[in-house]
Amino acid sequence: MSDSYDVIVIGAGPAGYPAAIRAGQNKLTVACVDEWKNTDGTYAFGGTCLNAGCIPSKALLESTELYHRAKHEFAQHGIKIGDIKLDLAQMQKRRATIVKTMTNGIASLLKAAGAVGIQGHGRLLPDNNVQVTAPDGSQKILQAKHVVLASGSTPIRLAAAPHDGKFIVDSWNALEFDAVPRRLGVIGAGVIGLELGSVWSRLGSEVTILEALPDLLPMVDQTIAREAQRHFKKQGLEIKLGAKVTRAAVSGTAVDVVYSNAQGEHALQVDKLIVAVGRRPFTQDLLAEGTGVELDARGFIQVDEHCRTAAANVWAVGDVVRGPMLAHKGKEEGIMVADLIAGRYGEVNYKVIPSVIYTAPEIAWVGLTEEQVKASGRPYKVGSFPFAASGRARAMEAAQGMAKLVAATDDDEILGVHIVGPLAGELIAEAVLAMEYSASTEDLQRTIHAHPTLSEAVHEAALSADKRAIDAINR
């Protein structure tokens, strides 16, 4: 292994490993240092996303959705299969196998790009030196012309609900339950809380989600958020808004939770309590004195629009810098930085980053909400289309939700697209592409969409903005 590289990337999550791969593709010598350690003691590339976040959660969401549909929906299709039995051990084995396959794939991709993968803790020293502490404790100093910091994020802990990893748990622990808790509490009704609540609710848990804010999903267009909340209630998710947890303590084999709202103080007892109140940047022992890298008041590494830090030839990408904590945002930042280092063009359009919540129905959006456009004072128009009027959604027994489009009235530019419904996370890609090219509603209106498809909902929402929808009544 060399001691000197053109680029050293610290972190092999969804921001770091793409940076290393693209640097290798650009014919730069590159090393990628990562310290992720699984609960079984094994080391793996991929960061939180592949090991304990995006991928394992989607595996369980898919499995539990099929289980739920088999129990509650198949009979409507004329499919009668008798008693459905849950094999949670097999479900978890499948999840773990998918994770292992994907993380092994990262190692292969790094190797194929000519990047050197190094397992250990990376620490930036002055003058672009990187100290690597191996799993056995041995240390080595590497030198680089450029260093990319991609150390990711970690779950926020609550002092009122002290984490013990068994009864009061974080999102990673909650993906590895070996039994379905009869009563499950979740603190936080954000993306992670709703997805994990959905997983265990489908398997039979009585789920109560406590959210301190008065509104559900305030970052989401509120028409969409209200529609989603209505369906979550139908599914049995009990979401208590304006509920601030003041204390939680393990009592025997249960957790006693106390929370307060406008009506006063309340008690709740659950078998497991998931704390899902967000994530914070992970910079523990990342920066030595004298590096010149600066952190803001919240612990994020300060960068410019091209992810340059205050230190020469030191860059930072992903969850450790400003912006939404999304794997695809970090990935694009990593690629941009690797191209800029190589003297190529690189840019991330932060105005057109899609977000997805993988509940059922899924929630996805890109651009501005109606509330944001209204607050800006810019004249706008809105179009929407319900999946109840979609033949494909009806055939799928998934006719819940809607597609909504917000556009400017002066030049017809699409400002935001918001979807709650089947496969919303896939449907939003069309809107992202349209907005990347500053498309108008007319551009979408004149684009032919195959019939019958779910994508017709986006087409009809665009038509609806000008009261020209065909398959819905224009109002």
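**Cysteines, sheet and core**

Author: Gladly, and let us start with a bond: the torsion about the S-S bond of Cys 49 and Cys 54 is about -125°, so the disulfide is left-handed. This is a predicted model, in which local features need pLDDT of at least 70 and side-chain atom pairs count only at pLDDT 80 or more, while totals for chains, interfaces and linings use all residues. Residues are numbered from 1 along each chain as its sequence is written, and side-chain values use heavy atoms, with hydrogens and water left out.

Reader: How many disulfides does the structure hold?

Author: A disulfide here is a pair of cysteine sulfur atoms within 2.5 Å. The structure holds one, and the sulfur atoms of Cys 49 and Cys 54 are 2.5 Å apart.

Reader: Is Cys 49 buried or exposed?

Author: Buried means under 20% relative accessible area, exposed over 50%, and partly exposed in between (1.4 Å probe, protein chains only). Cys 49 is buried, at 10%, whereas Cys 54 is partly exposed, at 28%. Cys 32 is in no disulfide, and the nearest cysteine sulfur, that of Cys 49, is 14 Å away. Cys 32 is also buried, with a relative accessibility of 0%.

Reader: What is the strand order in the open sheet of five strands?

Author: Strands of a sheet pair through backbone hydrogen bonds, either parallel or antiparallel. Strands (E, at least two residues) and helices (H or I, at least four) are DSSP runs, numbered from the N terminus, and two strands pair if DSSP finds at least two bridges between them. In this sheet the order is β8-β15-β9-β10-β11, with parallel pairing. The edges are β8 (168-169) and β11 (238-241), each with a single partner strand, so one side of each is left without a neighbour in the sheet. Inside the sheet, β9 (residues 183-187) and β15 (residues 272-275) pair over four bridges, with Val 186 opposite Ile 274 in β15.

Reader: Which residues touch the most other members of the largest nonpolar core?

Author: In soluble globular proteins, nonpolar side chains tend to be buried together. A nonpolar core is a set of buried Ala, Val, Leu, Ile, Met, Phe, Trp, Tyr and Cys residues joined through side-chain atoms within 4.5 Å. The largest one has 35 residues, and Ile 209, Leu 217, Phe 232, Ile 239, Ile 274 and Ile 363 touch the most other members. Elements giving two or more residues to this core include β9, α6 and β10. A second, separate core of 30 residues includes Ala 19, Ala 23, Ala 113 and Val 348.
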